[in-house]
Amino acid sequence: MWISFEMVINIVMTILYGYVYLSIFTAFFIGNIRRPVGFYVIYGLHIGFTVISTGIGFFVELQLFLSQLPFVVLTILVVVLMPLTIYSKNKRENLEGQLETANERIAELIVFEERQRIARDLHDTLGQKLSMIGLKSDLASRLIERDPQQALTEIKDIRQTASIALKEVRELVSDMRTARFEDELMRISQMLKAAEMEFVFDGDKDKLQVPPLVENVLSMCLKEAVNNVVKHSGATKCEIAFHQNFKEVYLVVRDNGHGITKKQAWKTGNGLKGMRERLEFINGSFKIESTEGTTLTVSIPVAITHQKVKENLKNI
């Protein structure tokens, strides 16, 4: 309704006073219309009324319109192009938001499916053997006075069954491989190459000496940081530095993009929140700096990493 009211004002002001430029403001609001049908109807009407009112203005105030003819032509071009540009931009951002939501949902489903798979494997691996151990334990307790030799045989069977179950559990756990830092570096180098960004790495990945859980957290932090660089920074270069000394492990991800403040960073989604939670689990931390781009620094104390991981695992 308000856009229609603005269009009426544009027509009157254009014919009487030659204020063609007022139609630019209306074009901006038309571009923000969400519904396709409403957008194309109002968009077509606005172009038509702008051209018609400009044509009438030439008959009413010929000298006035001739004096500003270049500006009139430029205004009509803006009226034609601006709404389409804004509408396309809004539509693209909406699709990107839907895609991000879908990717998060897919990730949740993958985690759920993995948990279901682990539960099935554990049930199939341990369920039958634990039931057998329970039955044989009851039988051995009943036979221990009546037939000690048979009870001893049952106890040996229990021990053998427990050994087999332990072996199968170890094989199952060995298949649940954590993300390796070296493998993640290879993947993000391919990602940056696909994004046409220059990739610079400083450090010796072969000198990484941390528990598998810490290596997995470092890999996940690297993955999240590079994803943010590719999606949000607008950078052309990404530098990754990794160093480890007797005190700490450092991971630095730096880009030459437009930069981001810490306040803005916490509003970008759950990625950095998840990174902070993972690092807190192993007593690590990270900080964000924005000077000629964005620099994210992850640090994990080496001296207490093993003890902290053991304490957290024990609490779990």
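Me: What does Glu289 form a salt bridge with, and how far apart are the closest N and O atoms?
Reply: Glu289 pairs with Lys287, with the closest N and O atoms 3.8 Å apart. Keep in mind that this is a predicted model.

Me: Where in the chain are Arg254 and Glu239?
Reply: Arg254 is in strand S3 (residues 248–255) and Glu239 is in strand S2 (residues 237–244). They are 15 residues apart, so the pair links distant parts of the chain.

Me: Why would such side chains pair at all?
Reply: Side chains of opposite charge can pair when their charged atoms come close.

Me: How many salt bridges does the count come to?
Reply: Four.

Me: OK, helices now. At what angle do H2 and H3 pack?
Reply: About 170 degrees, with the axes 10 Å apart. Angles over 145 degrees count as roughly antiparallel, so H2 and H3 are roughly antiparallel to each other.

Me: Which residues meet there?
Reply: From H2, they are Ser23, Thr26, Ala27, Ile30 and Gly31. On the H3 side they meet Phe39, Ile42, Tyr43, His46 and Thr50.

Me: Is Ser23 buried or exposed?
Reply: Buried. Its relative accessibility is 2%, and buried means under 20%. Leaving out residues up to four places away in sequence, Ser23 touches Asn10, His46, Thr50, Thr75 and Val79.

Me: What about Val60, where is that?
Reply: Val60 is in helix H3, which covers residues 36–60. With a relative accessible area of 46%, Val60 is partly exposed. Val60 also belongs to a nonpolar surface patch, along with Val37, Val41, Leu45, Phe49, Ile52, Ile56 and Phe59. Together they have about 790 Å² of accessible area.

Me: Last topic, the whole chain. How many helices and strands are there?
Reply: The chain has 11 helices and five strands. It has 316 residues, and 31% of them count as buried. Its accessible surface is about 20,600 Å², with 59% of that belonging to carbon and sulfur atoms.

Notes:
Residues numbered from 1 in each chain as written. Predicted model: local features only at pLDDT ≥ 70, side-chain atom pairs only at ≥ 80, totals over all residues. Heavy atoms only, no water. Patch = residues over 30% accessible without salt bridge, like charges linked within 9 Å, V, L, I, M, F, W, Y side chains within 5 Å. Areas by Shrake-Rupley, 256 points an atom, 1.4 Å probe, with all protein chains shown as cover. Salt bridge = Lys/Arg side-chain N within 4 Å of Asp/Glu carboxyl O. Helix = DSSP H or I, 4+ residues; strand = E, 2+ residues; numbered from the N terminus. Buried < 20%, exposed > 50% of the residue type's maximum accessible area, 1.4 Å probe, protein only. Axes fitted to C-alpha atoms, helices over the stretch in contact; angles between N-to-C directions. Parallel < 35°, antiparallel > 145°, perpendicular 65-115°, else oblique. Contact = heavy atoms within 4.5 Å.
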